[in-house]
Amino acid sequence: MSRLSLTMEWLMVAFVALLLTSQVRSEEIPYEHLISQISACPKECHCPPSFPNAVYCDNKGLKRIPDIPPYTWYLYLQNNLIDVLSADALRNATQLRWINLNRNKITGEGLEADALKAMSNLVHLYMEDNLLTSIPSPLPAKLEQLRLSRNRISKIPPGVFSGMDHLTLLDLQGNKLQDDAVTEVNLKGLKNLIQINLAKNQLNTMPLGLPPTTTQIFLDSNNIERIPAEYFKGLPKLVSLRLNRNKLANGGIPKNVFNLSSILDLQLSHNQLTEIPVISSGLEHLHLDHNKIKSVNSSDICPPGSLDDYLDENGPRLRYLRLDGNEINPPIPRELMMCFRLLRAIVI
């Protein structure tokens, strides 16, 4: 290629970069950093000039992580064959905020020491569908979302969440966690957790040690048979609880355990219930489909005093009710509709 052609090529890159500086905020990526970022893009990856902080290396059949440019915020490496996460490959990418390593072949042995901790600005870590057997450690201190679903995780090392004050979402769905792995000791440090997903594991009891900040708990497809009477006492902000596809029967549910002022969404589908549990007047979504319920008695499901106070702001807020897959025969009792005046959909 002639010197003139090279000069013209670089002029074109510079011209495009100059145009982009009007679209990219200066505090995100200065002009000189933009030029450096474009020129350092790995040949295996795509670095769109319109989104200069992002590097796309997904679906490339990669077996290793290429050298990543220094001003990368978002790194997409999903759907590859990567089995090693090395600190060396990411040594220059100190500004990473988001890395997606889903659907690779990374094992605990392939996760080099301090490879993750070196990402001091990382807030989102996706490592779903890999071969991990334990939660990686140490983790970046600023991490806000940790998604590790569908691995082979059976261990949560004590202290792994120490100092993780920013972590709000923990997704461990589809692993091999048992009761002794999910305890107050193992979860210590999750001071600001909002959502935890432990669905499709091997739990027989409700997980211990959840912080009072927790608002969403997903426990579908475990083997849980009972809920301790005081279990939710330490969870004053609980909004959504999913216990679909467990082994809950009425004997394992204390009478007022779900009568919580904070809860809006309660899902108990595909269990062994024969009666509708007591609910709070503030509940908005109730899923009881595919149980063994034979009848709906409005006096049982309707919160006390509701028929008198249905126009009051403290009256029942239920809007959606699923009862299909039970042994209930229509019609729906009129008293039920009188109680839940805000009900918009009922499936029976």
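# Exercises on a predicted protein model

Gln 145 has its place in strand β5. The model is a predicted one, and the exercises below treat its residues in turn.

## Exercise 1. The surroundings of Gln 145

Determine whether Gln 145 is buried or exposed, and list the residues that Gln 145 touches, not counting residues up to four places away in sequence.

*Solution.* 

Step 1. The relative accessible area of Gln 145 is 17%. Buried means under 20%, and Gln 145 is therefore buried.

Step 2. With residues up to four places away in sequence left out, Gln 145 touches Val 123, His 124, Leu 125, Tyr 126, Leu 167 and Leu 169.

## Exercise 2. The protein as a whole

*Solution.* 

## Exercise 3. The salt bridges of Asp 129

Find how far apart the closest N and O atoms are in the salt bridge of Asp 129 with Arg 103, and explain which parts of the chain are tied together by Asp 129 and Arg 150.

*Solution.* 

Step 1. Side chains of opposite charge can pair when their charged atoms come close. The structure holds 11 salt bridges.

Step 2. In the salt bridge between Asp 129 and Arg 103, the closest N and O atoms are 4.0 Å apart. This pair links distant parts of the chain, 26 residues apart: Asp 129 is in the loop between β4 (124-126) and β5 (145-147), and Arg 103 is in the loop between β3 (98-100) and β4.

Step 3. Asp 129 also meets Arg 150 in a salt bridge, at 3.0 Å from N to O. Because Asp 129 lies in the loop between β4 and β5 and Arg 150 in the loop between β5 and β6 (169-171), the pair ties together parts that are 21 residues apart in sequence.

Step 4. The relative accessibility is 23% for Asp 129, 38% for Arg 103 and 37% for Arg 150. Asp 129 counts as partly exposed, as does Arg 103, and Arg 150 is also partly exposed.

## Exercise 4. The pair Arg 322 and Asp 289

Locate Arg 322 and Asp 289 in the chain, and decide whether Asp 289 is buried or exposed.

*Solution.* 

Step 1. Arg 322 and Asp 289 form a salt bridge whose closest N and O atoms are 3.4 Å apart. Arg 322 is in strand β12 (residues 320-322), while Asp 289 is in the loop between β11 (285-287) and α3 (298-301); the pair links distant parts of the chain, 33 residues apart.

Step 2. Arg 322 has a relative accessible area of 22% and is partly exposed. Asp 289 has a relative accessible area of 4%, so Asp 289 is buried.

Step 3. A network is also present: Arg 103, Glu 128, Asp 129 and Arg 150 are joined by salt bridges that share partners.

## Exercise 5. The largest pocket

State about how much space lies in the largest pocket, and name the lining residues closest to its centre.

*Solution.* 

Step 1. The space in the largest pocket is about 310 Å³.

Step 2. The largest pocket is lined by 14 residues, of which Asn 250, Glu 275, Ile 276, Pro 277 and Asp 300 are the closest to its centre.

Step 3. By type, the lining of the largest pocket divides into six nonpolar, four polar and four charged residues.

## Exercise 6. Backbone features in loops

Identify which residues a cis peptide bond joins, and give the phi of Asp 114 and of Arg 150.

*Solution.* 

Step 1. Ser 137 and Pro 138 are joined by a cis peptide bond, with omega about 0 degrees. Pro 138 belongs to the loop between β4 and β5.

Step 2. Asp 114 is not a glycine, yet its phi is positive, about 65 degrees. Asp 114 is in the loop between β3 and β4, and at 43% relative accessibility Asp 114 counts as partly exposed.

Step 3. Arg 150, likewise a residue other than glycine, has a positive phi near 55 degrees.

## Exercise 7. Ser 281 and Arg 317

Find the separation of the C-alpha atoms of Ser 281 and Arg 317.

*Solution.* 

Step 1. Ser 281 is in the loop between β10 (265-267) and β11, and its relative accessibility of 28% counts as partly exposed.

Step 2. Ser 281 and Arg 317 are 36 residues apart along the chain, and their C-alpha atoms are separated by 6.0 Å.

Definitions and conventions. Residues numbered from 1 in each chain as written. Predicted model: local features only at pLDDT ≥ 70, side-chain atom pairs only at ≥ 80, totals over all residues. Heavy atoms only, no water. Salt bridge = Lys/Arg side-chain N within 4 Å of Asp/Glu carboxyl O. Helix = DSSP H or I, 4+ residues; strand = E, 2+ residues; numbered from the N terminus. Buried < 20%, exposed > 50% of the residue type's maximum accessible area, 1.4 Å probe, protein only. 1 Å grid on protein atoms, 1.4 Å probe; cavity = no way out; pocket = protein on both sides within 12 Å on 5 of 7 lines; lining within 4 Å. Points joined across faces, edges and corners; volume = space filled by probe spheres on them. Nonpolar A, V, L, I, M, F, W, Y, C, P; charged D, E, K, R; others polar. Contact = heavy atoms within 4.5 Å.
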